[in-house]
Amino acid sequence: MTAVQVTLKPGDTIGILGGGQLGRMLALAAARLGLRCQVFSPDPDSPAFDVVQHATCAEYADVEALELFAADVDVVTYEFENVPAASALILAARRPVLPARGILETTQDRLAEKDFVTSLGIATAPYADVTSVETLHAAVAKVGLPAVIKTRRFGYDGKGQRIIRDGDDLAQVWDELATRAAILEGFVPFEREISVIAARSHDGQVECFDVTENEHSDHILKTSRAPASISDDLAAQARDIAERIATALDYVGVLAVEMFVVSDASGPRLLVNEIAPRVHNSGHWTLDGASISQFEQHIRAIAGWPLGKPVRHGAVTMTNLIGHDVDDVSHWLTLPGATVHLYGKGHARRGRKMGHVTQVHVAHVENPTNKP
Ligand code: AMP
């Protein structure tokens, strides 16, 4: 597999599939580099539409709209991993799609993704394929309990998954999951969750941001902290895992690798939980906490420009404003050192990501010019 080489010049146009906050922040980063974006999304209220001059509001299955969109742009990228395969195929026949279309096949399917990670010799939780209540029994015998059953496709923020404990009725669990393709994973008693945001260019350069530590609430990311409270050695292992994954995928762009840190008598170990083939919520701290953001790195990578060497400005915290958290925005707006990002979404529904706040904790440096 060899990634397509693209070299954009200022004024060229990037097509972004998906109109959420990730698309919005990608378009803002592109604008700073003199590049234009056109956003494709079926939702007329897409947050990314607000920040671009040209948008296509159409269904992902609308072949004519996809063809017109492809004709308007120089390269296509995406801000969510569930891009329908047929849409990606239509676009890839007309314009370079980065990261490459085939990567979606691996990352859209939890089983294919785990098999891929395992094939690289990288550890994951024990897992088994589940297609029926009979195979669920076999999977439980193999993986043990407690375990987590997840639909193979279209799961996010804890949707399409549940924990199975000793004594649970497996037939009922299977009925309630309402799928024919699932994966059973051993429940990981993790010490912490971390992620690595890595960027890879078409010529194979990889730049990782400092490892981030993530806390979830109701399965939704609540806070990220960089750097993670782990040893330098474990952080180096985490970055190495992300680099090996990006290289094996011949990836061009930014990807996130979520990992669990587990500890036993032999010390801490890493297990890969998930790969996101896109910019990621746990990398939002880079907007204000590093010299280059994950969004800019992604734009540079798909534009065929050199990647930056990100330097972190200090210890950084990112807090998501979820649902009605946003009602408290004036507190954050006036907090010293805080930077507020709002996504322009109208209604604060429960669980909806409305914005985020970054705080950079810089050690106080006395400024001699301020001395009386
Ligand atoms: P996922 O959709 O796979 O990213 O899972 C969402 C969240 O559920 C993770 O961030 C973990 O907090 C938790 N989780 C997922 N899989 C497991 C597992 N095998 N063991 C323990 N917790 C898990």
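User: What angle do helix H6 and helix H7 pack at, and how far apart are their axes?

Analyst: Helix H6 (residues 133–143) and helix H7 (residues 170–177) pack at about 120°, and their axes are 10 Å apart. Before we go on: this is a predicted model, where local features need pLDDT of at least 70 and side-chain atom pairs count only at pLDDT 80 or more, while totals for chains, interfaces and linings use all residues. Residues are numbered from 1 along each chain as its sequence is written, and side-chain values use heavy atoms, with hydrogens and water left out.

User: Why are H6 and H7 called oblique?

Analyst: Angles under 35 degrees count as roughly parallel, over 145 as roughly antiparallel, 65 to 115 as roughly perpendicular, and the rest as oblique. The angle here is about 120°, and H6 and H7 are therefore oblique to each other. The angles run from 0 to 180 degrees between N-to-C directions, and the axes are lines fitted to C-alpha atoms, for helices over the stretch in contact. The helices themselves are DSSP runs (H or I, at least four residues; strands are E, at least two), numbered from the N terminus.

User: Which hand does the crossing of H6 and H7 have?

Analyst: H6 passes H7 in a right-handed crossing. A crossing gets that name if the near helix is turned clockwise from the far one by less than a right angle, and left-handed if anticlockwise.

User: What makes H2 oblique to H3?

Analyst: The axes of helix H2 (residues 63–72) and helix H3 (residues 85–92) cross at roughly 40° and come within 9 Å. That angle makes H2 oblique to H3. Their crossing is right-handed.

User: And why do H1 and H10 count as roughly perpendicular?

Analyst: Helix H1 (residues 21–32) and helix H10 (residues 294–303) pack at about 70°, with axes 8 Å apart. H1 and H10 are therefore roughly perpendicular to each other. The crossing of H1 and H10 is right-handed.

User: How many cavities of 30 Å³ or more are there, and what makes something a cavity?

Analyst: The structure holds two. Rolling a probe the size of a water molecule over the atoms shows where empty space is left. On a 1 Å grid over the protein atoms alone, a cavity is a set of points where a 1.4 Å probe fits but cannot get out; a pocket is an open set with protein on both sides within 12 Å along at least five of seven lines, and lining residues have an atom within 4 Å of a point.

User: Which residues line the largest cavity, and which helix gives the most?

Analyst: The lining is Val83, Ala85, Ala88, Arg101, Leu104, Glu105 and Gln108. H4 gives the most, with three residues; H3 and H4 (101–107) each supply at least two. By type, the lining has four nonpolar, one polar and two charged residues.

User: What surrounds the second largest cavity?

Analyst: Glu193, Ile194, Asn214, His216, Glu258, Met259 and Asn273 line it. Strands S9 (192–200), S11 (212–217) and S13 (253–264) each supply at least two of the lining residues.

User: How do you know where the second largest pocket lies relative to domains 2 and 3?

Analyst: Domain 2 (126–186) and domain 3 (192–361) both give residues to the lining of the second largest pocket, so it lies between them. The pocket's volume is about 300 Å³. Its lining has 14 residues, and Asp218, Ile220, Ile322, Arg350 and Gly351 lie nearest its centre.

User: What is phi at His219?

Analyst: His219 has a positive phi of about 70° although it is not a glycine. His219 lies in the loop between S11 and S12.

Notes:
Points joined across faces, edges and corners; volume = space filled by probe spheres on them. Domains from an automatic or database assignment. Nonpolar A, V, L, I, M, F, W, Y, C, P; charged D, E, K, R; others polar.
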